[in-house]
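Biologist: I'm new to this one. Can we put it on the screen and talk through its salt bridges?

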Amino acid sequence: MWALRAAVRPGLRLSRVGRGRLVSRAAPPPPCPVRALAATGRYGPGGREGPGSAERSKANGRTTRAGEDKEEPEDEGEEEEEEEELLRSDPLLPAGTQRVCLVHPEVKWGPGKPQLTRAEWQVAEARALVHTLAGWSVVETMVVSTKTPERKLIFGKGNFEHLTERIRGSPEITCVFLNVERLSPPTKKELEAAWGVRVLDRFTVVLHIFRCHARTKEARLQVALAEIPLLRSNLKHDAAVSDRGGGGSRYIMGSGESFLQLRQRLLREKEVKLRRALERLRRKRQLLRRQRAKREFPVVAVVGYTNCGKTTLIRALTGDEAAQPRDQLFATLDITAHAGSLPSRMTVLYMDTIGFLSQLPHGLIESFSATLEDVAHSAGGDGSPLTRGLPVHQDLIVHVRDVSHPETELQKVSVLSALQGLGLPAPLLDSVVEVHNKVDLVPGYRPPDPSAVAVSALLGQGLEELRVGLEEAVLRATGRQVLTLHIKLAGPQLSWLYEEATVQQVDVLPEAGAAHVKVIISNSAYGKFRKLFPG
């Protein structure tokens with residue numbers, strides 16, 4: 001059977017490692033219309049256990065019954081091995097230079113017409129997505145009107161023929177970026193056949209950017225999970241084409257399983273393993289959040305549209321050299337924490353988060369839910385799968401906006417919509433601190449909303465006003481207040497305050513044997529203090 005499984009996936013070789021288990025080692029993949037669907041696990045191809053595995057499980061005192069989840073890796077080393085195996089897959093797009101023809105379907109009227117935007121702004125954002133990728137360039141841009149964007153070929157007959165003629169007549173074009181959210185596999189195949197080059201949609205381009213920018217293991221696992229729906233969709237289409245074409249046996253000898261069923265199972269098993277690996281990382285994040293809560297560091301989640309200047313603002317507020325801003329979309333895919341001080345010398349943690357995007361595919365948001373948990377928790381989110389059953393730590397969200405961008409209002413709508421998708425309650429969304437960044441590019445700018453703070457993170461304008469506003473918001477959100485208390489040095493009051501509050505300043509009065517102590521203290525802790533030390 002093992003030889004048969006290896007024959008199903010050409011180029012697969014098997015080797016024995018540790019405890020006699022069979023582990024697959026994939027050779028460079030052969031040309032195939034369907035990409036590698038799953039990295040095989042510890043039990044051999046497809047994650048199935050090899051001969052004698054049941055006996056080994058019993059010997060280890062860990063029996064797995066039919067229908068139950070497979071056993072978890074037994075130690076950290078095995079977890080690491082499984083995670084690395086999951087990440088050994090080919091990218092959806094080939095590496096190297098791409099000369100892109102950007103095609104934007106413009107809907108000028110009807111229900112499909114986009115609101116709060118114009119075609120030239122949408123084209124500019126699509127061009128920025130392409131230029132984010134190293135070695136990619138836009139060699140031609142075409143805005144083509146359409147009345148029927150829902151049709152299979154998107155454009156009418158005349159426009160489609162004209163488009164085909166221009167693309168076919170431009171040998172420098174290596175691929176077409178069609179600026180729509182998702183293309184169905186049949187549409188993609190038909191367009192590629194007509195135009196003679198690879199055709200990409202917005203989902204594929206953004207996903208490729210995510211893969212190229214992912215640095216940590218968590219981000220790479222999340223990208224791999226986001227690729228699953230695309231691989232599954234391509235698999236169904238390829239199977240349908242194969243069935244229409246006929247030829248060849250549909251079943252693997254003696255297994256009772258068709259080739260399509262085998263590939264679907266491998267894909268399902270890979271998805272389960274990815275979710276399991278991300279859940280392990282999610283539990284570690286929970287532990288870190290609990291540790292932060294114990295130390296009573298307020299957490300400020302900094303969110304915003306991609307490339308709005310979040311990282312630049314955090315660096316300006318904290319002076320942390322580790323915050324490295326880059327002028328490109330999705331420069332940040334991993335949550336990073338940076339400590340900074342507010343005017344009262346209270347320490348807060350600024351969380352730099354992944355940027356949002358209009359028409360950001362829902363599958364990408366879902367796959368990055370573990371990363372976005374920190375946003376939900378720092379805002380006290382509750383009721384969504386991201387926050388249910390986990391300790392809620394109510395702090396603050398700062399929404400950074402690029403007010404120099406022509407689509408700043410649409411970007412605001414996109415960000416707030418994404419935040420609502422995280423299950424954040426309306427009162428907390430209403431209390432978001434809105435920061436209008438890049439005002440140095442808009443001479444004489446004044447925020448239309450008096451509660452918003454205008455800053456230039458790059459030049460340092462407005463930062464002191466922002467710090468004051470953040471301190472007020474943090475104190476409200478966390479139930480803290482700044483007080484100056486008169487205490488006796490001979491008693492336990494000072495040591496109690498150091499333990500239960502944040503002591504900012506101690507002014508000793510030697511002749512009185514007392515001190516004035518400036519503290520940041522929660523309402524509940526202050527109530528305990530008054531009860532323990534009356535008078």
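Modeller: Start with E120 and R118, which form a salt bridge whose closest N and O atoms sit 2.7 Å apart. This is a predicted model, where local features need pLDDT of at least 70, side-chain atom pairs count only at pLDDT 80 or more, and totals for chains, interfaces and linings use all residues. Residues are numbered from 1 along each chain as its sequence is written, and side-chain values use heavy atoms, leaving out hydrogens and water.

Biologist: Why is the pair E120 and R118 called a salt bridge?

Modeller: The term asks for a side-chain nitrogen of Lys or Arg within 4 Å of a carboxyl oxygen of Asp or Glu. The closest N and O atoms here are 2.7 Å apart, so the pair qualifies. The whole structure has 14 salt bridges.

Biologist: What makes E227 buried or exposed?

Modeller: Buried means under 20% relative accessible area, exposed over 50%, and partly exposed in between (1.4 Å probe, protein chains only). E227 has 4%, so E227 is buried. Its salt-bridge partner R211 has 24%, so R211 is partly exposed.

Biologist: How do you know that E227 and R211 link distant parts of the chain?

Modeller: E227 is in helix α8 (residues 217–245) and R211 in helix α7 (residues 202–213), 16 residues apart. Helices are DSSP runs (H or I, at least four residues), as are strands (E, at least two), numbered from the N terminus.

Biologist: And what joins R401, E409, K412 and E434 into one network?

Modeller: Salt bridges that share partners.
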